[in-house]
Amino acid sequence: MKISVVIPSYNRRERLKRALLSVYSQTSLPAEIVVIDDGSTDGTEAMLRREFPEVNYYYQKNLGVSAARNLGIQQATGDWLAFLDSDDEWLPEKLANQKAALATHPEHRICHTEENWIRNGTQVDVPKKYAKTGGWIFNRCLALCAVSPSTVLIHRSVLTDIGVFDVRLPACEDYDLWLRITANYPILSIEQPQINKHGGHEDQLSCAFWGMDRFRISALQKIIDAGQLSEQNRQAAVNMLLKKAGIYLNGVTKRGKTEEADYYRQLIERYAMDVH
C-alpha cells in the first residue's frame, strides 16, 4: 500500500507541527506527506522548510478546507489517501492497524477508526451518538457527521468514482462526502481510538458559522436530487431533510429572517410530497 497523507492547514503553524510529528511517529510510515497551506500568514512555510523539508508543500490563496484537501488529493501520488486535520494528531499505531485491518478485509476501500476527544487540552468522554461503526452506515451518516476526516484511510478509486470535497460548502463538506461514499461503499471500522481529535479552539469551522445544519440540508438536497440513491436510502434522506429543515425553519423564524424562512418553508413543501 502506497499511502499519501494529506494535511490542509491555515494559520495553525504550531498545531501543524504537532500533527506532523504524530505522522513521523507512526510505526508504519506513509510514502509521502502532502501539506496544503491555505493562504497562511503565520510563518507556516518557513517552519516547514526549516523543520520538515521532506514534506511536499503546496501553497494556495485562502480558498477553504475543501479546496485545500482537493489540491492535496490531486498532488498526492499514493493509491491510498489518509487525511489529517492540522489540529488533530494520530496515535503511533494508526496506519499500521488500518493496513492490517484492510489486509484482512481486502474487499473494503475505506477504513475509519474510533477517536479520543480532547477539549481545551483535557480528554473528555465521546457522546455515544458519535461512536464509530462499520458496514453500510448511510442511515447513520444522515443525522450527523459519523466519520471524522482524520481517521480515514481511503483508496483513491473511491474518490475517482464518487467525487471529491464540494468547494461550494463552506462547512459540513465532510458530511456531504461521507453521504455520497456510504451510499455506495461499506466502511471498515476499527473500534479502538487511533487519533486524538482536538477541539475547543476558536478557529474551528464549527465555531465560525451559525446554523451549521443549513449546509447539511444542502448536502441532503444534493444527494436526493442526484437520483442515484436506493429507494430505501432516498426515503431516509428525505425524512432527515424534512426534520432538519423544520428545525432550522423554526430557528430563522424566531430570528425574524423572513426571506430565509420562506425558502425553507417552500423546501419543506417540495420534499414533503416525496414522503411515502
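**Briefing: strands, helices, rings and cysteines**

Phe165 is buried, at a relative accessible area of 3% (buried means under 20%, exposed over 50%, partly exposed in between, with a 1.4 Å probe and protein chains only). This is a predicted model, where local features need pLDDT of at least 70, side-chain atom pairs count only at pLDDT 80 or more, and totals for chains, interfaces and linings use all residues. Residues are numbered from 1 along each chain as its sequence is written, and side-chain values use heavy atoms, with hydrogens and water left out.

**Aromatic rings**

- Rings of Phe, Tyr and Trp (its six-membered ring) pair if their centres lie within 6.5 Å; planes under 30 degrees apart are stacked, over 60 edge-to-face, and the rest tilted.
- That rule gives six aromatic pairs.
- One of them joins Phe165 and Trp178 edge-to-face, with 6.5 Å centre to centre and 80° between the planes.
- This pair links distant parts of the chain: Phe165 sits in the loop between helix 6 (156-162) and helix 7, Trp178 sits in helix 7, and they are 13 residues apart.
- Helices (H or I, at least four residues) and strands (E, at least two) are DSSP runs, numbered from the N terminus.
- Trp178 also counts as buried, at 1% relative accessibility.

**Around strand 2**

- Strand 2 (residues 32-37) has six of its six residues buried, so the rest of the structure largely encloses it.
- Glu32, Val34 and Ile36 point one way from strand 2, while Ile33, Val35 and Asp37 point the other way.
- On one side, strand 1 (residues 3-9) pairs with strand 2 in the parallel sense over six bridges (two strands pair if DSSP finds at least two bridges between them).
- Within that pairing, Val34 in strand 2 has Val6 opposite.
- Strand 3 (residues 56-59) also runs parallel to strand 2, with four bridges joining them, and Val35 stands opposite Tyr57 there.
- Two right-handed β-α-β units share strand 2: strand 1, helix 1 (residues 13-24) and strand 2 make one, and strand 2, helix 2 (residues 44-51) and strand 3 make another.
- Right-handed here means that, with the strands pointing away from the viewer, the path from the first strand over the helix to the second runs clockwise.

- Helix 1 has 12 residues, which at 1.5 Å a residue should span 16 Å; its end C-alpha atoms are 17 Å apart, which agrees.
- The expected span is 1.5 Å times one less than the number of residues.
- Leu16, Lys17, Ala19, Leu20, Ser22 and Val23 are buried in helix 1, and their cover includes strand 1, strand 2, helix 2 and strand 5 (89-90).
- Helix 9 (residues 213-225) has 13 residues and reaches 18 Å from first C-alpha to last, close to the 18 Å expected.
- Buried residues of helix 9 include Phe215, Ile217, Leu220 and Ile224.
- Cover for the buried residues of helix 9 includes helix 5 (138-143), helix 7 (173-182), helix 10 (231-254) and helix 11 (258-272).
- After helix 9 comes Gly227, with a positive phi near 70°.

**Arg234**

- Arg234 lies in helix 10 and is partly exposed, at 23% relative accessibility.
- Leaving aside neighbours within four places in sequence, Arg234 contacts Ile224, Leu229 and Asp274 (contact means heavy atoms within 4.5 Å).
- Ile223 is 11 residues from Arg234 in sequence and 8.6 Å away in space, C-alpha to C-alpha.

**Around strand 6**

- Strand 6 (residues 110-119) has nine of its 10 residues buried, so the rest of the structure largely encloses it.
- Strand 9 (residues 188-199) pairs with strand 6 in the parallel sense over eight bridges, with His198 as the bridge partner of Ile118.
- Strand 8 (residues 153-155) runs antiparallel to strand 6 and is joined to it by two bridges; Cys111 stands opposite Leu153 there.
- Strand 7 (residues 122-124) pairs with strand 6 in the antiparallel sense over three bridges, and Trp117 has Val124 as its bridge partner.
- Strands 6 and 7 form a hairpin with two residues between them, and Asn120 in the turn has a positive phi of about 50°.

**Cysteines**

- The structure has zero disulfides (a disulfide is a pair of cysteine sulfur atoms within 2.5 Å).
- Cys111 is in no disulfide, and the nearest cysteine sulfur, that of Cys141, is 14 Å away.
- Cys141 has its closest cysteine sulfur in Cys145, at 7.3 Å, which is too far for a bond.
- Cys111 is buried at 0% relative accessible area, and Cys141 counts as buried at 2%.
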